[in-house]
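I opened my notebook to keep track of what I looked up today. Here is the structure I had on screen.

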Amino acid sequence: MATRATVDQVAKKVGVPFDPGGPLDNRVSLEHIVDVSGFMTKWETVASHLGVDDATVESIDHKYRDLPKKREEMLKAWRNKDWSNATYRRLGEVFYKMSRTDLTERVFKLAGGNSLEFNQPQEVVTAAIVKDLVEEVRKVKEEVMKGQEEVIKVQDEIKQEVRKGQQEIKEDVRKGKYATQKDMRAIQKGLTHSVARLQEDLQKTAET
């Protein structure tokens, strides 16, 4: 079985000096952030290795539905947070750690100014990317199920409110509390208002 090249060997392969102070220690450009994000998988794991905090990851995950956009925005957040430490070397080493030597090589080539297509690439259909997409679909399904559970919860609250109101009316009537039709209409109106309020909550839940 062939031994995987070390990080410095990857740099040597693409003709980029690995010694400190070279192009690998330059800050990653925004142009190259966009380029790399198009090939990246497991963006949340990459974020963890880069030191992007959980709150930022969660915010990006909720703000953007498009997976490539999540990857890009996470890398931009890392670049803004670490500033001068957001280097090609750091990014390439993270990809190497995740066994994405192909991306380490790409990052190092970009650092060295090698001729590459810098526009956002088409998705490369690999097993890793497919797995990443499947995981994203699973998360979306979980969110949908959670929303359905909230709808059912509100529906149950409506039913309980109706039953409770009906029982209160029956009990008050039995005790002779309401002597007139006017009093009965007042309590019915209050019950109707409560039900309407719960239905509004149900509608809001369904829309979210």
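Predicted model: local features only at pLDDT ≥ 70, side-chain atom pairs only at ≥ 80, totals over all residues.

Entry one. I started with tryptophan 83, which is exposed because its relative accessible area of 53% is over the 50% cut-off. Tryptophan 83 sits in the loop between α5 and α6, with α6 covering residues 88–97. I checked its backbone too: the phi of tryptophan 83 is near 50 degrees, a positive value in a residue other than glycine. I jotted down that most residues other than glycine have a negative phi.

Entry two. Then I went to serine 99, in the loop between α6 and α7 (101–111). Its phi is positive, near 65 degrees, and serine 99 is not a glycine. Is serine 99 buried or exposed? Serine 99 counts as exposed, at 53% relative accessibility.

Next I looked at lysine 70, which lies in helix α5, residues 67–82. Lysine 70 has a relative accessible area of 3%, so I call it buried, since the cut-off is under 20%. Which side chain does lysine 70 have a polar contact with? I found aspartate 61, with the two side chains joined by a polar contact of 2.7 Å.

I picked out glutamate 157, which belongs to helix α8, residues 127–174. Glutamate 157 is partly exposed, because its relative accessible area of 33% falls between the buried cut-off of under 20% and the exposed cut-off of over 50%.

Definitions and conventions. Residues numbered from 1 in each chain as written. Heavy atoms only, no water. Helix = DSSP H or I, 4+ residues; strand = E, 2+ residues; numbered from the N terminus. Buried < 20%, exposed > 50% of the residue type's maximum accessible area, 1.4 Å probe, protein only. Polar contact = N/O pair within 3.5 Å; in protein donor to acceptor, adjacent residues only side chain to side chain.
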